[in-house]
Structure formats: structure tokens, C-alpha cells
Amino acid sequence: MSNPSYLIVGATLVSGERTDLLVQDARLTPVAPNTSNSNTAGAIRIDAEGLVALPGLVDLHTHLREPGFEQSETVLTGSRAAAAGGFTSVFAMANTMPVSDTAGVVEQVMALGDDAGFATVRPIGAVTVGLAGERLSEIGAMAHSRAQVRVFSDDGKCIHDSLLMRRALEYVKTFDGVVAQHAQDPRLTENAQMNEGALSSELGLKGWPAVAEESIIARDVLLAEHVGARLHVCHVSTAGSVEVIRWAKSRGIVVTAEATPHHLLLTEDLVRSYDARYKVNPPLRRDEDVEALRAGLADGTIDIIATDHAPHPTESKESEWDAASFGMVGLESALSVAQTALVDTGLLQWADIARVLSQKPAEIGRLADHSHAFEPGAPANFTLYDPSSSSTFDLDRLAGKSTNSPYLGLTLPGRVQYTFHHGYPTVLGGTVVDSTTVAASAAAWKAGRTHG
Ligand SMILES: NC(=O)N[C@@H](CC(=O)O)C(=O)O
Ligand SMILES: [Zn+2]
Ligand SMILES: [Zn+2]
């Protein structure tokens, strides 16, 4: 059984050009508007008037929580949240239980993603055994497993030991992998609760100083230069970090960096509410930092936007600030936040959004079979987004298991109307397709790929 064909009518590409798109056998073909032929005849028609066609978004930094923390998220619910946000690929962070530090666990995560079918799930491997920061994990075994891991990270924890960081960079270099660092000096941030500054003193919360991030990034870019390996910096949050990365790039160091939607929009002032939905690692910073991150994205110092989607159960967010967990969900809101922070402010165009949320993250993660161009025969992974609408971001926009979104109740622009993964819909008319249907479509796609 193969999946049905679709004819998307009147979509607008990021270039501003209008086109129809024929989706057939998991591939897409742009067709000139109003040309019907024998191929388009049996296709299901979708009216895409006013919708921007973006290549399937790629998130280099997602916490799917499975195995081990299924009360917060599973591979299925997290990839469903991804689809709701216009994503067709996600890289799953390794801080699961057991930790994704062996070939067995990464292959399990990948297989769960394949079966669910909402998005391509590429596991990230832990750099150190159990994220303990003491000895290197089976990096080679994960790289050469069926999951073909290319991104390695101890995210949640910083690889603090300089020698281990050096060895990790040397190791991933042998297969063109990358180390994604969570830059946080542990000694400078013991018990830290929010950005360090006047506000943390006023609120009586222990501060997380900018230098704790910047000093690790400075060390790591020098190590990356020394080794000649690829370094990626997770969730850059301070103006000083942008400066360090700009300097490193000007020196020819091969470093890439991400900013999260929340660090591009929100500031530490929200902590005044003591609402733990705003508690995140690294913490929300100052206006100047938000400005510097936006400018860094605009000039290419920051390469990509990555969500750091970090689901947590309600209990762990309803406790008092000090006891609450760090992290916020971000997949479903990413495009709307990017629009409000970057497009509506005139800093980025839709073509730039396609670059920072699809092309570049796919390149950094060495995602196979990815195309960000709408060219004949490209894999049919794309999303159709309505930038002209504006609405209250409420619970029905969330498609994952957890509701720790900082945007609930805010008015945000835009809405994902359709997402296609491997040529079948995961979001149709603004509604996420049910899991059983998506799993069946994924199975049909897989069968077509093996036999067709
Ligand atoms: N960002 C967070 O605040 N939390 C992440 C870990 C991380 O990304 O460092 C989590 O796993 O919950
Ligand atoms: Zn992190
Ligand atoms: Zn993270």
C-alpha cells in the first residue's frame, strides 16, 4: 500500500515565488500554477493560499525523555509536538535513563521514532558514560551503529574536564562528528537559580553569571582549533558568548552555535513572578543579551535556532522556584516565536528562517537525505505556515505530553497549517493527525522504500 498523492495549490516559497506542489511517492515536484495533468488528476487538493512553504524544520536540540522519563514525554509525543511545530527531523538529546551512551540505546530511540512516524528521530550520543563526566562513552560504537550518530553531547551537564573534552573532539573528528557543548562552568554555577545581576540580588536568588558560559566557550573554541575538530555550542545566552564566537569564527575556527527561541524573546524580568515556567538552563538574561543574540543570528555568528524542548511534569514546575526543574517546551511555538522576534522585527527574512531552522541544523547534524530546496524529486518534508494569523497561544497548541510552555496566554503570530513528513501529512488544516494514522502512513512509506 502506498500513501495518497497531494496537490498543494498556491503556496508561497520563501523567495516570494508562488507555486503548486505535487507530493507523490514521498517526493515533491513544483508545478506551475493551474497546470493539471494526469499526475495531478487523482491527487488530494490542498488550498495553500497565503501560506509560506518552508522546508521541514530540523531541531538539533530536543529532549524526548524516552527511555526513562516517559511521564514527561515519549519519542512518540515529542515527535508529535515536533510535527505540530513544523519540524520533520529532531535530534534527541542523550540525558535519558538509561543515558543514550551505547549503541543499544541510540538504536532503540531511532526505532521508536521510525515507528511513530511523526518525524525523523536522530539520536544524540552521550560524550561520557552516564553523563558523569569521567570517561568517554562508546562514541565509535554509536557512530558506526545503525543510528549512525554524528552529534555527541552531555547536554544537561557541561563537559568540564579539559582533557576529556580534547579527547572527545579528537574522537569525533575521525568520522566527521561534532561535540555539542552545554557551556556551564559547574563551580561558578553551584545552586544557581537565575541570571546573576541586580535582579538576582533583589529577588534573593543565587546567580548564574554570564562568565560561567563564556569562559567554557572560550576554552572550547581554542581546543577545537587545536584539535581541528567540529565544535557546536548549545543554547548560547549572553552577549559576551556571541562576542567570543564571533572572534573564533574570524580566526577560522570551525565552531557553530545555536540560540533558543526563548533566549531570543524573553528576559529575566519574568522571574519576578516566581513562576517556574520561566526557569531554564541557561537562564533568561537581559535585554542586551537578547539584542546581541538576534544580531548574532542576523550576521551569521549564531548559525541556527534550536528549541531545547525540555518537557517536565506539572509537579516539578509547581514547586517553589529553588526546587523546580530547569527547562521549557518549545517545539510547537518555535516558528511563532521566531516570527515575532526576528521576521516581524525586520531582522530576518523567511529565507533566513529556512536557513537557520532547516538547512544549517541539517548540515551540522549531517542529516542524510535532507533537502531544503523545493526542487523536483526532493524528499517531501515540508511545512505550510500561515504568518498572517495571530492568536492566543493556548493548551490546544501543545501536542506533547507536558505543558511547561512560557508562552501560554500570550498572543503570538502565525500558525502551522500543514506538515508533511516523507510525503504524508502529520498536520492537516492546523490539526495534528492522529498517531495511528501517522504510524500506518510511516509503515506504508517504509514498505514503499524497501520494495518500490
Ligand atoms: N535546558 C534546560 O533547562 N533543561 C534541559 C537540560 C539542558 O538543556 O541543559 C533538560 O533536560 O531539562
Ligand atoms: Zn543544556
Ligand atoms: Zn537541552
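Ligand 1 is surrounded by H63, N95, D155, G156, H182, V280, N281, D308, A310, F326 and G327, each with its C-beta atom, placed from the backbone, within 6 Å of the ligand. This is a predicted model, in which local features need pLDDT of at least 70, side-chain atom pairs count only at pLDDT 80 or more, and totals for chains, interfaces and linings use all residues. Residues are numbered from 1 along each chain as its sequence is written, while chains are lettered from A and ligands numbered from 1 in the order in which they are written.

**Ligand shell**
- Three nonpolar, six polar and two charged residues make up the shell around ligand 1.
- Here Ala, Val, Leu, Ile, Met, Phe, Trp, Tyr, Cys and Pro count as nonpolar, Asp, Glu, Lys and Arg as charged, and the others, Gly among them, as polar.

**Confidence**
- The chain has a mean pLDDT (the predictor's confidence in each residue, from 0 to 100) of 97, and 99% of its residues reach 70 or more.
- For the complex, the predictor gives an ipTM of 0.99 and a pTM of 0.98.

**Annotated domain**
- An unreviewed UniProt entry annotates residues 52–239 as "domain: Dihydroorotase catalytic"; such annotations may be inferred rather than shown by experiment.

**Helix α3**
- Helix α3 spans residues 103–116; helices are DSSP runs of H or I with at least four residues, numbered from the N terminus.
- Its buried residues are V105, V106, V109, M110, L112, G113 and A116 (buried: 20 or more other C-beta atoms within 10 Å of the residue's own, placed from the backbone).
- Seen down the axis of α3, these fall within an arc of 155°, so they line one face of the helix; the arc is that of the directions from the axis to the C-beta atoms.
- G117 follows α3 and has a positive phi, near 85°.

Technical notes: Helix = DSSP H or I, 4+ residues; strand = E, 2+ residues; numbered from the N terminus. Expected span 1.5 Å × (residues − 1). Buried ≥ 20, exposed ≤ 12 C-beta atoms within 10 Å, placed from the backbone.
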